[in-house]
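This briefing goes through one protein model, from the overall fold to individual residues. Terms are given with their cut-offs where they come up.

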Amino acid sequence: AIRLVSSGESGLQEETKAALQALPRPAHIQVLSTPTCPHCPRAVRLAYQFAMASDKITADGVEVTGFPDLARKYRISGVPKTVVGEAVEFVGARPESTLLEHVQRASETSGLAV
């Protein structure tokens with residue numbers, strides 16, 4: 001995360017950056033992980049890249065063994081588990097385009113029952 005921020009560039013595709021700027025509402029991304037998960041660092045990094053590319057995105061990487069209340073709240077059965085807002089959740093390290101789709105959906109439905 002420190003190296004990413006110090007570079008000054010998110011590394012995302014231009015189409016993704018444009019789509020993030022066009023979001024109707026802000027979105028918060030949480031990536032829930034464990035220390036032994038080999039795919040979690042990639043998922044957390046992608047969330048941070050989204051936050052770096054747009055002031056409409058905030059992102060947290062959360063090591064869930066230290067936060068059992070979050071593990072229960074989000075019914076963690078596998079990691080990485082990404083939660084966007086409170087309405088959109090998925091398990092697994094997904095590509096940039098998939099995370100973007102989930103962020104767009106969460107931003108559009110923010111505050112609405114899904």
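Helices (H or I, at least four residues) and strands (E, at least two) are DSSP runs, numbered from the N terminus. On that basis Pro 80 sits in the loop between α4 (68-73) and β3. The model is predicted: local features need pLDDT of at least 70, side-chain atom pairs count only at pLDDT 80 or more, and totals for chains, interfaces and linings use all residues. Residues are numbered from 1 along each chain as its sequence is written, and side-chain values use heavy atoms, with hydrogens and water left out.

**Overall fold**

- The protein has five helices and four strands, in the sequence pattern α-α-β-α-β-α-β-β-α.
- The radius of gyration (taken over C-alpha atoms) is 13 Å. The globule rule, 2.2 Å times the number of residues to the power 0.38, gives a close value of 13 Å for 114 residues, so the protein is as compact as a globular protein of that length.
- Along the principal axes, the C-alpha atoms fill a box of roughly 35 × 35 × 20 Å.
- The accessible surface comes to about 6300 Å², and 55% of it belongs to carbon and sulfur atoms. Areas come from the Shrake-Rupley method with a 1.4 Å probe; for residues, only the protein chains shown count as cover.
- Of the 114 residues, 40% count as buried. Buried means under 20% relative accessible area, exposed over 50%, and partly exposed in between (1.4 Å probe, protein chains only).
- Among contacts (heavy atoms within 4.5 Å) with a separation of 6 or more, 69% are between residues 24 or more positions apart.

**The sheet**

- Four strands form an open sheet in the order β2-β1-β3-β4, with mixed pairing. Two strands pair if DSSP finds at least two bridges between them.
- β2 and β4 (88-91) are the edge strands, each with a single partner, so one side of each has no neighbour in the sheet.
- From one strand to the next, the twist averages 15 degrees.
- β1 (residues 27-33) and β3 (residues 81-84) run antiparallel and are joined by four bridges; Gln 30 has Val 83 as its bridge partner in β3.
- Helix α3 packs on the sheet and touches β1 and β2; its direction makes about 160 degrees with that of β2. Axes are lines fitted to C-alpha atoms, for helices over the stretch in contact, and angles run from 0 to 180 degrees between N-to-C directions.
- β3 and β4 also pair in the antiparallel sense, over four bridges, and Val 84 stands opposite Val 88 in β4.
- The hairpin of β3 and β4 has three residues between the strands, and Gly 85 takes a positive phi near 65 degrees there.
- On β4, Val 88 and Phe 90 make up the covered face, while Glu 89 and Val 91 make up the uncovered one.

**Buried residues**

- Ala 27, in strand β1, is buried at 7% relative accessible area. Leaving out residues up to four places away in sequence, Ala 27 touches Lys 56, Ile 57, Thr 58, Val 84 and Val 103. The C-alpha atoms of Ala 27 and Val 84 are separated by 6.7 Å, although the two residues are 57 apart along the chain.
- Thr 16, in helix α2 (residues 14-21), is buried at 3% relative accessible area. Beyond residues up to four places away in sequence, Thr 16 touches Phe 50, Glu 96 and Leu 100.
- Ser 54 lies in the loop between α3 (40-53) and β2 (57-63) and is buried, with a relative accessible area of 2%. Its side chain reaches the backbone nitrogen of Lys 56 at 3.0 Å. Apart from neighbours within four places in sequence, Ser 54 is in contact with Leu 20 and Gln 21.

**Loops and backbone geometry**

- The peptide bond joining Val 79 and Pro 80 is cis, with omega about -5 degrees.
- Arg 75 lies in the loop between α4 and β3 and is exposed at 56% relative accessibility. Arg 75 has a positive phi of about 50 degrees although it is not a glycine.
- Pro 38, in the loop between β1 and α3, counts as exposed at 66% relative accessibility.

Conventions
A polar contact is a pair of N or O atoms within 3.5 Å; within protein, one must be able to donate a hydrogen and the other to accept it, and residues adjacent in sequence count only if both atoms are side-chain atoms.
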